[in-house]
Amino acid sequence: MTGQQLKWIAALAMVLDHISVALMSGNLDDASNLSFAALTFRSIGRLAFPIFCFLLVEGFYHTRDIKNYMGRMALFSAISEVPFDLAIFGRFVNWQYQNVYFTLLIGLLVMYGIQQVDKRYLGSELGNLLKAAVIATGCGAAYFLKSDYHIYGILFIVTLYFLRGNKNRQTIFGVLMAACEFTAVLAFIPIWFYNGKAGKKRLRYFFYWFYPAHLLVLGVLRLWLLVP
């Protein structure tokens, strides 16, 4: 299974999740009162985040220009925020919760920081302390910004990063971390079959734009259908 095929699975799961929240009277943090259909959509949606985190780690290792990669993440974090707030909260600005691109961006910065520490202090006590400080800073940034999945999201990304190269351990620890959202563990089934290939590159930017575009559509539909 290529990286692009994984992206399609994650994108479909994400759309169903956001449909549940935006159009089916769902709540981002509370699934206790959802209808069966909305709960089903949300359950399928749990597959998206682990796959996107896995692909972020793979992208970090394979990118030829890490600064350009981080720049794209920062750009789409900003572009996606209004559509995210509109679809999820029904208003144009909500400072209490930020879209998942911010979490992925912080995770990318943390991996880069760890990599730079390893280049200078690999295996030393100072290096371990510096890496812990980098991770703590990333967790603090995600918590302060209130980005989607916040501290948990950063720790999830870091876990997949440290265990890359050992498929068994990455899967075991990934499943254990994902178990807090039960259906999220199923994301590691398609991840297991990842073949290390990116797939067709012509759709690379499509997936960057897909996130804010589908949220904008859902946001407009939410205002049209749900606002009196």
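## Charges over rings

The charged end of Arg 164 sits over the ring of Tyr 61, at 4.2 Å from the ring centre. Lys 167 does likewise with Trp 192: its charged end lies over that ring, 4.6 Å from the centre. A charge counts as over a ring if NZ of Lys or CZ of Arg is within 6 Å of the ring centre and within 35 degrees of the ring normal.

This is a predicted model, in which local features need pLDDT of at least 70 and side-chain atom pairs count only at pLDDT 80 or more, while totals for chains, interfaces and linings use all residues. Residues are numbered from 1 along each chain as its sequence is written, and side-chain values use heavy atoms, with hydrogens and water left out.

## Salt bridges

Arg 164 also forms a salt bridge with Glu 58, with 2.9 Å between the closest N and O atoms. Arg 164 is in the loop between H7 and helix H8 (167-178), and Glu 58 is in helix H3, so this pair links distant parts of the chain, 106 residues apart. Helices are DSSP runs (H or I, at least four residues), numbered from the N terminus. Arg 164 is partly exposed at 29% relative accessibility, whereas Glu 58 is buried at 8%. Buried means under 20% relative accessible area, exposed over 50%, and partly exposed in between (1.4 Å probe, protein chains only).

The whole structure holds five salt bridges. The criterion is a side-chain nitrogen of Lys or Arg within 4 Å of a carboxyl oxygen of Asp or Glu. Asp 17 meets Arg 42 in one of these, at 2.8 Å from N to O. Here helix H1 (residues 3-23), which holds Asp 17, is linked to helix H2 (residues 36-45), which holds Arg 42; the two residues are 25 apart in the chain. Asp 17 and Arg 42 are buried. Asp 17 also bridges to Arg 46, at 2.6 Å from N to O. Arg 46 lies in the loop between H2 and H3, 29 residues from Asp 17 in helix H1. Arg 46 is buried, as is Asp 17. Shared partners join Asp 17, Arg 42, Arg 46 and Glu 181 into one salt-bridge network.

## A buried arginine without a bridge

Arg 72 lies in helix H4 (residues 66-89). It is buried, yet has no salt bridge. The nearest side chain of opposite charge belongs to Asp 65, 7.1 Å away.

Beyond its neighbours within four places in sequence, Arg 72 is in contact (heavy atoms within 4.5 Å) with Arg 204, Tyr 205 and Tyr 208. Tyr 205 and Tyr 208 also belong to an aromatic cluster, which ring pairs build from Phe 76, Tyr 101, Tyr 205, Tyr 208, Trp 209 and Tyr 211.

## Aromatic pairs

There are 22 aromatic pairs in the whole structure. Rings of Phe, Tyr and Trp (its six-membered ring) pair if their centres lie within 6.5 Å; planes under 30 degrees apart are stacked, over 60 edge-to-face, and the rest tilted. Phe 60 and Tyr 161 are edge-to-face, because their planes stand at 70 degrees, with ring centres 5.8 Å apart. Phe 60 is in helix H3 (residues 48-62) and Tyr 161 in helix H7 (residues 150-162), so the pair ties together parts 101 residues apart in sequence. Both Phe 60 and Tyr 161 are buried.

Tyr 149 and Tyr 152 make a tilted pair, 6.1 Å centre to centre with 35 degrees between the planes. Tyr 149 is buried at 14% relative accessible area, while Tyr 152 is partly exposed at 23%.

## Positive phi

Lys 146 is not a glycine, yet its phi is positive, near 60 degrees. Lys 146 sits in the loop between helix H6 (125-145) and H7, and is partly exposed at 36% relative accessibility. His 150, also no glycine, has a positive phi of about 25 degrees. His 150 lies in helix H7 and is partly exposed at 35%.

For Cys 139, the nearest cysteine sulfur is that of Cys 53, 12 Å away. Cys 139 is buried, at 9% relative accessibility. Cys 180 is in no disulfide, and its nearest cysteine sulfur is that of Cys 53, 12 Å away. Cys 180 is exposed, at 58% relative accessible area.

Technical notes:
Lys, Arg positive; Asp, Glu negative; His and termini not counted. Disulfide = S-S within 2.5 Å.
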